[in-house]
Amino acid sequence: MNIVPVDRSMETFWKELFYVKARLKSSPKTEGLVPMVDGLLVLQDDLFRADREVQGELLESQALSKSVEDMVQAETVALYLLVLTEVQKNKKDPRYEKLLKLKESAFLRLGFSSQREEIMRMKSVLKQSIYDDGDFRNRALEILDRMVSGLDKAMAASLAAEEKRAQHRVDVEAWKNEANSVRLDIYGELLQLGGSKAKAWARSFFPKANSGKKLSALELAELEAKREQKRAKKAAEQAEYRRLKQEQAEDKARLEKKKKEAEDEMRAEAKLRVAERERKEREERERKEREEREKQEKEKAEREAAEAKKLEEEERLRQLQQSEEPAPM
C-alpha cells in the first residue's frame, strides 16, 4: 500500500481517488466504502474552484502591476521633463540635483517598494524653500501622488493575492494528507473483507505506485530552492510594503497631531483676540459713560451757576428799586 507524496499534483490525487471509487462501486461487498471517497472528492472540487479563484486573483494582480508599471514609466517621463523645463535643462541646478537623485532608467529599474520610497523622498524634498514656485511644486506633487496611489494599489493587490495563495497551499496540503489517511482507512477495511488473500486483493483497489511522474531527490531540491527564493523575495517585498505603510500611517498620525496642535493654537489665539476685543469694547463703553457723566455734571453745574447768577441779579435789581422809591411823608 503506497502513500501518494504530497508533492504530486491534485490531478494525480484525483485520478487515484476516482480509480479507488470505481473499484469500490464495482462490488456489493465494498460499495459501502464509497462515501469515504465521495467526501474527499467533494472537498477536492471546492479546492479546484478555489485554485481557479486564486489563479484569477494572481493574474489580476499581475495585470494591474503591469498597468501600474506602464503608468509609472509615463509619469516618470513627465516628471523629468517638468523638472528639466523648470531648470531650463541645467542639470547642475540645485533644484534638479536635490530632487532627481537617480537617472530616469535607474529609477524605472527599481521594484515597486523602492520606487515608492524614492517618491516619498522627492515629496519631502519639494517642501524646501527653493521650490517655492507654487505652480511647479503643485504639478510635481500631482505626478508623484498619482504614482504613489498606483503603486499602493498594485502592491496591496499583490500582497492579498499572495496571502490567499499561501493559505490555499496550506488547505491543499491538509487535504492531501487527509486523502492519504482515508486511503489507509479504506485499505484497512478491505483487509478485513478480503479473506485468505486479503493483502493482494486490497492492494488491487489502488493504482500502482508508479502512477504519475515522481521527481528525483535532486529535482525536488532544485524545485524547492526556486520556490524558497521566490517566497523569500515575495516576503521581503511584502515586509517592505508593510514597513512603508506603517511609516505612512505614522506620518499621517504626526500630521494629524500637528494639525490638531495648530488648530488648538488658532483657537487659543482666537479666544485671546475675542477677549482683547471685548476688553477694548468694555473700556470704550466705560470711557463714553464717564465722559457722558462728566458732561451731564458740567451742564448741571453750569445751569446751577446760571440760576444762582440770575437770582443774584434779581435780588440786586430789587434792592436797587427799593433804594429809589421816595420816603413816605
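**Helix 1 against helix 6**

Helix 1 and helix 6 are roughly parallel to each other (angles under 35 degrees count as roughly parallel, over 145 as roughly antiparallel, 65 to 115 as roughly perpendicular and the rest as oblique). In this predicted model, local features need pLDDT of at least 70 and side-chain atom pairs count only at pLDDT 80 or more, while totals for chains, interfaces and linings use all residues. Residues are numbered from 1 along each chain as its sequence is written, and side-chain values use heavy atoms, with hydrogens and water left out.

The axes of helix 1 (residues 10–25) and helix 6 (residues 134–193) cross at roughly 25° and come within 12 Å, the axes being lines fitted to C-alpha atoms over the stretch in contact, with angles running from 0 to 180 degrees between N-to-C directions. Helices are DSSP runs of H or I with at least four residues, numbered from the N terminus. On the helix 1 side, M10, F13, E16, L17, V20 and L24 meet V172, W175, K176, A179, N180, R183, I186 and L190 of helix 6, contact meaning heavy atoms within 4.5 Å. By class this contact holds 10 nonpolar, 1 polar and 3 charged residues (Ala, Val, Leu, Ile, Met, Phe, Trp, Tyr, Cys and Pro are nonpolar; Asp, Glu, Lys and Arg charged; the others, Gly among them, polar).

**Helix 5 against helix 6**

The axes of helix 5 (residues 112–125) and helix 6 come within 10 Å and cross at roughly 150°, which makes helix 5 roughly antiparallel to helix 6. In this contact, F112, S113, Q115, R116, I119, M120, M122 and K123 of helix 5 face L141, L144, D145, M147, V148, L151, D152, A154 and M155 of helix 6; the residues divide into 11 nonpolar, 2 polar and 4 charged.

D152 lies in helix 6 and, at 12% relative accessibility, counts as buried (under 20% relative accessible area, with exposed over 50% and partly exposed in between, for a 1.4 Å probe and protein chains only). Not counting residues up to four places away in sequence, D152 touches R116, Y241, K245 and Q248. Although D152 and F112 are 40 residues apart in sequence, their C-alpha atoms are 8.7 Å apart in space.

H168, also placed in helix 6, counts as buried at 8% relative accessibility. Leaving aside neighbours within four places in sequence, H168 is in contact with L47, A50, D51 and V54.

**Helix 2 and its end**

The 53 residues of helix 2 (residues 34–86) should span 78 Å at 1.5 Å a residue, and its end C-alpha atoms are 77 Å apart, which agrees; the expected span is 1.5 Å times one less than the number of residues. Helix 2 is followed by Q88, whose phi is positive, near 55°.

Definitions and conventions: Helices (H or I, at least four residues) and strands (E, at least two) are DSSP runs, numbered from the N terminus.
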